[in-house]
Amino acid sequence: MTQTRFDRSLLFDSSAPAHTAVHDIGLLVLRLVVGLSMAGHGTMKLFGWFGGPGLTATGKGFTMAGYPAGDAMAVIAGLSETLGGLGLALGLLTPLAGAALTGVFINILDVRGFDAYFPPKGIELEVVLFASVIALTLTGPGRYAVDHYLPVLRASRPRYSVLALLAGAVVGFIVLLVRD
């Protein structure tokens with residue numbers, strides 16, 4: 001009986017061209033825009049910056065959305081968005097940043113609902129941001145990132161990226177289970 005092996009060239013194609021500077025600049029721009037946007041949202045929750053509601057109002061919003069301990073959930077969400085966004089923007093521990101933001105987006109999408117995709121009550125912006133987080137987590141941050149200068153994280157590690165996204169999804173769904 002012959003055993004077939006997974007063709008690793010599907011994930012690791014040695015004939016593919018090396019990353020170009022333009023590729024890495026593209027990843028940098030995407031990381032900065034998505035990461036800083038998420039970090040900004042987190043600071044709106046935590047500190048009321050950028051006209052945000054702050055912790056008290058955000059906690060009340062979490063309670064109204066059916067989460068227990070709304071104030072604690074506001075802190076968790078705010079920290080996940082802030083630290084995950086900064087990690088993504090800096091390209092620092094990119095898989096973990098992606099995991100934190102994955103859990104956030106699973107909850108955002110559930111709270112917002114799937115009634116409409118486009119405005120005024122649509123989720124298209126959230127879907128685009130979430131897809132960007134997933135794409136950046138899977139591709140890695142590129143050369144212009146802190147991860148590039150850390151020996152353990154220098155290369156994009158597909159296994160770590162996939163595991164991190166799965167972990168973020170599991171935690172995100174667990175948090176949904178505690179919601180009324």
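Predicted model: local features only at pLDDT ≥ 70, side-chain atom pairs only at ≥ 80, totals over all residues.

**From one residue to the whole fold**

Setting aside residues up to four places away in sequence, Leu176 touches Tyr67, Ile106, Asn107 and Asp110. Leu176 itself lies in helix 7, and its relative accessibility is 16%, below the 20% cut-off, so Leu176 counts as buried. A further relation is with Val111, which stands 65 residues from Leu176 in sequence, while the two C-alpha atoms are 9.3 Å apart in space.

The contacts of Leu176 lead on to a helix pair. Helix 4, covering residues 94-112, packs with helix 7, covering residues 158-177, at an angle of about 35 degrees, and their axes are 7 Å apart. Helix 4 passes helix 7 in a right-handed crossing. On the helix 4 side the contact is made by Pro95, Leu96, Gly98, Ala99, Thr102, Gly103, Ile106, Asn107 and Asp110, and on the helix 7 side by Tyr160, Ser161, Ala164, Leu165, Gly168, Ala169, Gly172, Phe173, Val175 and Leu176. Sorted by class, the residues of this contact are 11 nonpolar, seven polar and one charged.

Another pair can be followed earlier in the chain. Helix 2 (residues 54-64) and helix 3 (residues 70-90) have axes that lie 7 Å apart and meet at an angle of about 110 degrees; because angles from 65 to 115 degrees are counted in that class, the two helices are roughly perpendicular to each other. Here too the crossing is described by its hand, with helix 2 passing helix 3 in a right-handed crossing. Leu55, Thr56, Thr58, Gly59, Lys60, Phe62 and Thr63 in helix 2 meet Gly70, Asp71, Met73, Ala74, Val75 and Ala77 in helix 3, and the residues of this contact divide into six nonpolar, five polar and two charged.

How many helices and strands does the protein as a whole contain? Its secondary structure comes to seven helices and zero strands, and reading along the sequence gives the pattern α-α-α-α-α-α-α. Of the contacts between residues at least 6 apart in sequence, 65% join residues at least 24 apart. Buried residues, Leu176 being one of them, make up 38% of the 180 residues. The protein exposes about 10800 Å², of which carbon and sulfur atoms supply 71%.

Methods:
Residues numbered from 1 in each chain as written. Heavy atoms only, no water. Axes fitted to C-alpha atoms, helices over the stretch in contact; angles between N-to-C directions. Helix = DSSP H or I, 4+ residues; strand = E, 2+ residues; numbered from the N terminus. Parallel < 35°, antiparallel > 145°, perpendicular 65-115°, else oblique. Left-handed = near helix turned anticlockwise from the far one by under 90°. Contact = heavy atoms within 4.5 Å. Nonpolar A, V, L, I, M, F, W, Y, C, P; charged D, E, K, R; others polar. Buried < 20%, exposed > 50% of the residue type's maximum accessible area, 1.4 Å probe, protein only. Areas by Shrake-Rupley, 256 points an atom, 1.4 Å probe, with all protein chains shown as cover.
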